[in-house]
Amino acid sequence: MIHLSETLALQTVEGFLTPEELIRLSKIMDGELDSAFLPPRYPAGVSPAPALAQEILQQATGRALPVIRQALPSIGSAAPWSYTELGPDEQVPTHLDGIPAPAAGHCRLGRIGVVLQDADEGGEFYIETTSSRTIWAGQTTAQHHNFAPGTPLTHRLPHAPGPDSPQHASAPGWLMAAHRTRWTTDARAGTAIAYGAQVIHGVSPVLSGTLRKFVTDLLT
């Protein structure tokens with residue numbers, strides 16, 4: 001049975017990507033961006049990472065699973081990785097992904113991200129904690145779900161689906177009403193941050209340069 005604490009967990013994996021893997025991934029993505037690869041078309045959008053990058057990232061995930069499971073012991077695997085980048089004045093607004101399918105065979109329990117290239121200034125990943133009840137949807141898991149019966153579920157505010165849906169153009173009332181405390185990380189390129197699917201998080205605006213990173217779901 002999965003308990004609430006896993007959905008709110010946070011774990012870093014220093015050295016998730018080795019210096020050599022960072023160099024290889026940079027060359028792969030530089031080559032892809034110069035070819036037919038389609039980078040994200042809107043701020044904080046994602047594109048599937050190319051096959052060569054997927055191979056490196058999945059190998060790194062396999063190495064890191066014992067550490068990730070210290071905080072999220074129910075994690076079984078990672079979904080295919082995606083690539084995203086943010087330029088000046090772009091950010092990932094505060095949101096939480098939530099758990100859309102608590103009864104699924106391999107449900108999303110968390111997310112993980114690793115920076116390929118730091119922005120020159122800005123672009124820090126952050127989480128927010130709160131004692132407010134407004135983030136909770138008033139729903140709980142049932143007997144047949146992967147979770148302990150009665151596990152509370154948050155509202156869900158995943159990434160916007162595309163350029164015609166501006167990302168979180170207006171934050172919902174349940175998020176605005178929550179008084180939150182922000183915790184900003186200084187994790188640099190190569191360090192992975194894994195976090196439960198019910199953790200509030202975002203990326204602060206990039207002030208200069210370009211932030212390039214990979215992200216994916218962590219699955220039961």
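Which residues is Thr129 in contact with, leaving aside its neighbours within four places in sequence? The answer is in the first close-up below, and the other views follow from there. Please keep in mind that this is a predicted model.

View 1. Leaving aside neighbours within four places in sequence, Thr129 is in contact with His179, Arg180, Thr181 and Trp183. Thr129 itself belongs to strand E8, which covers residues 125–129. Two of the partners, Thr181 and Trp183, fall within strand E11 (181–184). With a relative accessibility of 37%, Thr129 counts as partly exposed. For a sense of distance, look at Ala177: it is 48 residues from Thr129 along the chain, and the two C-alpha atoms are separated by 13 Å.

View 2. The secondary structure comes to 4 helices and 15 strands. Along its principal axes, the C-alpha trace spans about 50 × 35 × 30 Å. A compact globule of 220 residues would have a radius of gyration near 17 Å, and the value for this protein, 17 Å, agrees with that. Among contacts with a separation of 6 or more, 85% are between residues 24 or more positions apart.

View 3. Thr61 has a relative accessible area of 3%, so it counts as buried. Not counting residues up to four places away in sequence, Thr61 touches Phe16, Ala78 and Trp81. Two of these partners deserve a second look. A search of the whole structure finds 3 aromatic pairs, and one of them is formed by Phe16 and Trp81, with a tilted arrangement at 5.9 Å centre to centre and 45 degrees between the planes. Phe16 sits in the loop between strand E1 (10–13) and helix H2 (19–33), while Trp81 sits in the loop between strand E3 (77–78) and strand E4 (82–86), so the pair ties together parts that are 65 residues apart in sequence. Phe16 and Trp81 are both buried.

**View 4. Asp89 in its loop.** Asp89 is found in the loop between E4 and strand E5 (92–95). Although Asp89 is not a glycine, it has a positive phi of about 70 degrees. Its relative accessibility is 69%, so Asp89 counts as exposed.

**View 5. Ala187 between two strands.** Ala187 occupies the loop between strand E11 (181–184) and strand E12 (192–196). Leaving aside neighbours within four places in sequence, Ala187 is in contact with Asp118 and Ile193. Glu124 is 63 residues from Ala187 along the chain, and their C-alpha atoms are separated by 8.0 Å.

**View 6. Lys27 on helix H2.** Lys27 is part of helix H2. Its relative accessibility of 62% means that Lys27 counts as exposed. The C-alpha atom of Lys27 is separated by 9.9 Å from that of Ala53, a residue 26 positions away along the chain.

Technical notes
Residues numbered from 1 in each chain as written. Predicted model: local features only at pLDDT ≥ 70, side-chain atom pairs only at ≥ 80, totals over all residues. Heavy atoms only, no water. Rg over C-alpha atoms; globule rule 2.2 N^0.38 Å. Contact = heavy atoms within 4.5 Å. Buried < 20%, exposed > 50% of the residue type's maximum accessible area, 1.4 Å probe, protein only. Phe/Tyr/Trp six-rings, centres within 6.5 Å; stacked < 30°, edge-to-face > 60°.
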